[in-house]
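I opened this model with my notebook beside me and a few things to look up. Here are my entries, in the order I made them.

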Amino acid sequence: MRKFLLFIAFITVTTLSSQSFSVFHIQVEKGGEQALLKLFDDTFGDKEFKSGGVQIEAIHVGDIDGYASHRIAFIGDPSNWGTVDEWEPNEFQLFWSRAQDHFEWKRSASGNFLSYDGGAISEYDYYQIYEIDVDNPAAFKSAHDKIVKQLSDSREGRPVALGDFSIGGNGASHWVGVGAKNWNDLMIQKSKNESYSKEWQAYYNNRGKVESMRNYTFWVVKRYGDF
């Protein structure tokens, strides 16, 4: 509960106009996913969001497999976040207390979207996340935006996002998210990218020093809102 209240404080006091996020890595107890989803359905199923929304993500493969089984991600405009209808007194606190009966906290982080290209997040349910420590943020963003534009035709609308960690991050300063239809689609896209060897070499030469911290994939189990 304390961690979520910190998130509420974050989205309340900030005046940024860009999309922001808070994400919670959790370990769901064995057989607990359906019970957790029912609680989310009962709480958010009929809620209309002012911007963004909430999604539950199941971690598939990668560096944190076995460390956390799921993520809960809150995404939206921090200056216009929340639901259209007001909550009943203690409604959310009761929901969150019940939800925590089904998982164990692992870590949490908040930050901002710095650039985004492609279709809507909601159009794709499988994502690969690269959590990285960037030495020169300006150089990295410039190189990132350029390679994303160069690969635009090959991606055919699949989203690519760059963001930072302003709270948490566990050693990472930034992240890159790549969307796909499923694991097979992600692997096919990786093969297509190999033909852009000259563009990738320029990207690596110009992005500055970057240390890879974590690399994993997840699929979206349930989504509430519009983003």
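This is a predicted model: local features need pLDDT of at least 70, side-chain atom pairs count only at pLDDT 80 or more; totals for chains, interfaces and linings use all residues.

Entry one, salt bridges. I counted twelve salt bridges in the structure, taking a salt bridge as a side-chain nitrogen of Lys or Arg within 4 Å of a carboxyl oxygen of Asp or Glu. I then looked up Asp 41 and Lys 222, whose side chains meet in a salt bridge at 2.5 Å, N to O. Asp 41 sits in helix H2 (residues 33-44) and Lys 222 in strand S8, so this pair ties together parts that are 181 residues apart in sequence. Helices (H or I, at least four residues) and strands (E, at least two) are DSSP runs, numbered from the N terminus.

Residues are numbered from 1 along each chain as its sequence is written, and side-chain values use heavy atoms, with hydrogens and water left out.

Entry two, the barrel. I traced a closed barrel of eight strands in the order S1-S3-S2-S8-S5-S7-S6-S4, with antiparallel pairing; two strands pair if DSSP finds at least two bridges between them. Its neighbouring strands are turned by 35° against each other on average, direction ignored (axes are lines fitted to C-alpha atoms, for helices over the stretch in contact, and angles run from 0 to 180 degrees between N-to-C directions). I followed S8 (residues 210-226) to S2 (residues 52-62), and nine bridges join them in the antiparallel sense. Ala 58 has Trp 219 of S8 as its bridge partner.

I found H4 (residues 137-150) lying across S4, S5, S6, S7 and S8, at about 160° to S6; contact means heavy atoms within 4.5 Å. H6 (residues 183-193) lies across S2, S5, S7 and S8, at about 55° to S5.

Which residues lie nearest its centre? I noted Tyr 130, Val 176, Val 178, Asn 193 and Trp 200, out of 29 lining residues. On a 1 Å grid over the protein atoms alone, a pocket is an open set with protein on both sides within 12 Å along at least five of seven lines, and lining residues have an atom within 4 Å of a point. S8 gives the most to this lining, with five residues.

Notes. On a 1 Å grid over the protein atoms alone, a cavity is a set of points where a 1.4 Å probe fits but cannot get out, and a pocket is an open set with protein on both sides within 12 Å along at least five of seven lines; lining residues have an atom within 4 Å of a point.
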